[in-house]
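Try each task yourself before you read its solution.

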Amino acid sequence: MTHISSWRSPSNIALIKYWGKHGIQLPNNPSLSFTLSACHTDMTMHVTPGSSNPQLNVLYDGNERPAFEPKIKSFFNRIADQLPWLLQSSIMIDSINTFPHGAGIASSASSMSAMALCLMDIDSQVNARTDELKNAAWWNKVSELARLGSGSACRSVFPVAALWGEVSGISGSSNSYATPWADHVSSIYHDYQDSILVVSNAEKSVSSTEGHELMSGHAYEETRYAEARKNIHTLIESMKTENAIDQFISVCESEALQLHALMMSGKKPFVLIEPASISIIKEVWRFRNETNIPVCFTLDAGPNVHLLYPASYKESVLGWIKTNLVPFCADGFFILDEVGTGPQKI
Ligand code: PMV
């Protein structure tokens with residue numbers, strides 16, 4: 001018998017950055033992210049358990065992609081103790097991302113969370129359990145499996161916002177899986193906008209694994225983890241209301257710049273931002289000062305700039321992007337995304 005599952009799962013953008021890990025994707029500091037919407041992966045998985053000669057077949061948009069197989073095989077080996085049928089099954093996976101490869105959007109977050117969802121859904125089918133999708137423990141397990149695939153993927157499984165990593169005073173927070181955070185943030189953050197300015201669509205020159213490694217023995221290692229812990233408390237407080245947006249902006253921008261400052265000050269330093277990223281940052285500050293529109297930026301591990309702002313400013317910000325920021329984007333390319341409602345069974 002073949003079991004089939006299809007899920008749509010979004011990418012996410014960290015506001016407090018996970019940078020530095022130990023064990024199998026266990027974070028050295030807590031992080032908090034917005035779950036995105038337009039940037040997502042659609043995945044379908046076919047699983048035939050009990051196969052005498054188990055095969056793995058990985059496709060992207062219907063075309064064979066054997067290059068993806070080693071990473072998926074090592075992920076499956078890592079989680080096989082939790083899903084006993086996994087290594088004795090023939091599996092076919094087909095997926096597609098809505099965002100272009102190399103756009104600097106974390107495709108590992110959307111694809112690994114989609115994979116964790118398909119696997120957990122099929123686990124319920126194999127064990128003939130129903131109604132588990134409503135169960136918080138089930139979602140924690142999905143988040144944990146996603147983390148074992150790619151750390152930050154664990155945050156993609158919850159709507160609006162997710163917190164990952166132990167935070168003092170927050171019961172239930174865990175290094176193993178993310179905690180849903182939508183109920184802890186003001187409604188203005190439920191449809192917050194994220195416009196992604198694609199400064200470069202070149203392949204990442206430094207993998208996130210290399211980036212995390214740079215933190216061990218970094219001169220600012222302990223200072224950074226202490227900063228992240230302090231920032232997460234400030235951010236959590238600021239997001240409870242719509243009246244502390246200045247504080248929200250200050251923490252977001254400081255986190256983004258710290259991430260890149262850490263890269264530039266490691267033992268084997270690297271620079272991922274481009275001149276255009278800096279020009280955009282300066283233009284964000286000019287525009288915000290002159291208009292009082294509360295738009296701010298964050299950065300991932302790359303040169304592209306995420307503009308974050310309340311939905312009520314959509315029109316003015318879009319006009320400004322088109323006139324002042326498009327010249328800094330590669331081929332004028334940008335993506336209009338927003339905070340979303342989390343994964344969806346399709
Ligand atoms: O999940 P990874 O190993 O790709 O690391 C993600 C690291 C950052 O994107 C820079 C920050 C984060 O918290 O997402």
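What follows is a set of tasks, each with a worked solution.

Before you start: this is a predicted model, where local features need pLDDT of at least 70, side-chain atom pairs count only at pLDDT 80 or more, and totals for chains, interfaces and linings use all residues. Residues are numbered from 1 along each chain as its sequence is written, and side-chain values use heavy atoms, with hydrogens and water left out.

**Exercise 1. The ligand**

Task: Find out which residues are closest to the ligand, and how much of its accessible area the protein covers.

Solution: 
- Step 1. Start with the shell: 13 residues surround the ligand, and the closest are Tyr18, Ser152, Arg155, Ser208 and Asp300. A residue counts as near a molecule if one of its heavy atoms lies within 4 Å of it.
- Step 2. Sort the shell by class, and you get five nonpolar, five polar and three charged residues. Here Ala, Val, Leu, Ile, Met, Phe, Trp, Tyr, Cys and Pro count as nonpolar, Asp, Glu, Lys and Arg as charged, and the others, Gly among them, as polar.
- Step 3. Look for polar side-chain atoms facing ligand oxygens. Ser152 has one at 2.7 Å from an oxygen atom of the ligand, Arg155 has one at 2.7 Å from a ligand oxygen, and for Ser208 the distance to a ligand oxygen is 3.0 Å.
- Step 4. Now the cover: on its own the ligand has 380 Å² of accessible area, and the protein covers 92% of that. Such areas come from the Shrake-Rupley method with a 1.4 Å probe; for residues, only the protein chains shown count as cover.

**Exercise 2. Two helices with a buried side**

Task: Work out which residues of α8 are buried and which residues of α1 are buried, then say what they pack against.

Solution: 
- Step 1. Settle the terms. Buried means under 20% relative accessible area, exposed over 50%, and partly exposed in between (1.4 Å probe, protein chains only). Helices (H or I, at least four residues) and strands (E, at least two) are DSSP runs, numbered from the N terminus.
- Step 2. In α8 (residues 314–325), the buried ones are Val317, Trp320, Ile321 and Leu325. They sit on the same side of α8 because they cover an arc of only 105 degrees around the axis. That arc is the one spanned by the directions from the helix axis to the C-beta atoms.
- Step 3. The packing partners of the buried α8 residues are β10 (193–197), α7 (275–291), β12 (305–309) and β13 (334–338).
- Step 4. Over in α1 (residues 69–79), Glu69, Ile72, Phe75, Phe76 and Ile79 are buried. Down the axis of α1 they fall within an arc of 125 degrees, so they line one face of the helix.
- Step 5. Turned away from that buried side, α1 carries the exposed residues Pro70 and Asn77. The cover over the buried α1 residues includes β5 (56–60), β7 (90–97), α2 (107–126) and α3.

**Exercise 3. Thr41**

Task: Decide whether Thr41 is buried or exposed, and find which side chain it joins through a polar contact.

Solution: 
- Step 1. Locate Thr41 in strand β4 (residues 31–48).
- Step 2. Thr41 counts as buried because its relative accessibility is 0%.
- Step 3. The side chains of Thr41 and Asn97 are joined by a polar contact of 2.7 Å. A polar contact is a pair of N or O atoms within 3.5 Å; within protein, one must be able to donate a hydrogen and the other to accept it, and residues adjacent in sequence count only if both atoms are side-chain atoms.
- Step 4. The Thr41 side chain also reaches the backbone nitrogen of Ser111 at 3.4 Å.
- Step 5. Check the wider surroundings, with contact meaning heavy atoms within 4.5 Å. Leaving aside neighbours within four places in sequence, Thr41 is in contact with residues including Trp7, Ser95 and Ala114.

**Exercise 4. Positive phi**

Task: Say where Val160 lies and where Asn292 lies, and sort each as buried or exposed.

Solution: 
- Step 1. Val160 is not a glycine, yet has a positive phi of about 65 degrees. Asn292, also not a glycine, has a positive phi of about 65 degrees.
- Step 2. Val160 lies in the loop between α3 (136–149) and β8 (161–164), while Asn292 lies in the loop between α7 and β11 (296–299).
- Step 3. Val160 counts as buried at 7% relative accessibility, whereas Asn292 counts as exposed at 64%.
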